[in-house]
Amino acid sequence: MLCYLNGKLVDRTGAVVAVEDRGFVFGDGVYEVWRVVNGRLFEMERHLDRLVFGLRELRIAAPDIVQPDVFTSVAEQLLASGGLQDGEATLYLEITRGVAPRAHAFPAAGTAPTVFMMANRFVPPNEVRTRGAAAITVEDIRWLRCDIKTIQLLPNVLAKQAAAERGAMEAIMVRHGIVTEGSHANVIGVLDGIIRTHPTTNLILPGVTRAVVLDIARRLGIPVSETALQERDLSRLEELFIVGTTGDVMPIVRLNDQPVASGRPGPIARQLYSEFRAHMDACCGVARVA
Ligand code: PDD
């Protein structure tokens with residue numbers, strides 16, 4: 001299987017990044033993950049826009065790969081090399097500030113960013129979705145620029161590991177009594193019939209799935225309020241679900257070993273998932289790459 005590294009398609013097992021890469025040494029980089037259905041990328045431009053935003057905020061020079069035509073061509077070759085033109089896949093793109101002697105300040109102007117991309121087969125977690133997943137709450141110990149999708153993911157890794165050790169699928173992060181988001185998904189609750197989710201501030205990643213799901217909810221006439229849930233609201237939620245590229249809409253039916261409402265996936269989560277999936281299937285043609 002091939003991957004893309006600094007302008008070339010190379011065998012993935014033999015691909016090598018320099019030990020002085022600032023991604024390796026400082027976590028100095030950004031990434032994106034796309035969902036691919038039958039060789040077509042879902043919401044290609046929105047993910048690229050978020051990546052470009054992150055590069056700009058971190059003042060990393062944007063490499064050619066962020067141009068939609070270059071990106072699409074590389075994606076097409078990667079998907080073809082992996083036999084991934086049919087069925088479900090994901091694409092991962094990472095850009096770091098490049099290779100330079102270890103020093104905290106930026107390297108010399110002109111240091112080329114490192115660009116890595118790979119495609120992988122993906123199996124959507126549909127069985128778990130039918131019965132609903134478990135989650136735990138953890139303290140949100142991240143920095144104050146969670147709106148940038150950086151490769152520095154230690155708090156997310158520790159949160160997800162804490163969930164795994166308690167037999168849960170996701171960790172829901174809470175900062176000073178406010179529910180922010182999951183370790184790799186946004187969090188939505190239904191309270192008093194209203195869909196509630198943290199607004200897109202510096203404290204969460206502005207999820208592409210979140211934006212699409214909220215649009216669908218508004219179209220369906222379900223009231224939406226982008227106001228954060230409090231931790232104390234969690235015990236009286238009518239529904240709870242997480243939304244993200246690798247889970248779509250996933251009902252959470254147990255939180256900290258207690259049932260959420262009836263302990264079964266709720267009607268709003270089920271309806272939003274079915275509309276979201278139909279939308280994803282219909283939309284993938286927009287960015288056809290295979
Ligand atoms: N994560 N919040 C965080 C912290 C995330 O890492 C992600 C996605 C999301 C959902 O964003 P989107 O709907 O655009 O995928 C929210 C990716 C999938 C990952 O880290 O693998």
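**A buried loop residue**

I started with isoleucine 148, which sits in the loop between strand S7 (133–139) and helix H5 (154–165); helices (H or I, at least four residues) and strands (E, at least two) are DSSP runs, numbered from the N terminus. I'm working from a predicted model, where local features need pLDDT of at least 70, side-chain atom pairs count only at pLDDT 80 or more, and totals for chains, interfaces and linings use all residues. Residues are numbered from 1 along each chain as its sequence is written, and side-chain values use heavy atoms, with hydrogens and water left out.

Is isoleucine 148 buried or exposed? Its relative accessibility is 5%, so isoleucine 148 counts as buried (under 20% relative accessible area; exposed is over 50%, partly exposed in between, with a 1.4 Å probe and protein chains only). Leaving aside neighbours within four places in sequence, I found isoleucine 148 in contact (heavy atoms within 4.5 Å) with Val30, Phe53, Gly54, Glu57, Leu58 and Leu205. Arginine 50 is 98 residues away from isoleucine 148 in sequence, yet 8.0 Å away in space, C-alpha to C-alpha.

**The largest core**

Next I checked the largest nonpolar core, which has 27 residues. Such a core is a set of buried Ala, Val, Leu, Ile, Met, Phe, Trp, Tyr and Cys residues joined through side-chain atoms within 4.5 Å. Leu41, Ile65, Phe71, Leu91, Leu93, Ile95 and Met117 touch the most other members. Strand S3 (29–37), helix H2 (44–58), helix H3 (68–81), strand S5 (88–96) and strand S6 (114–121) each give two or more residues to this core.
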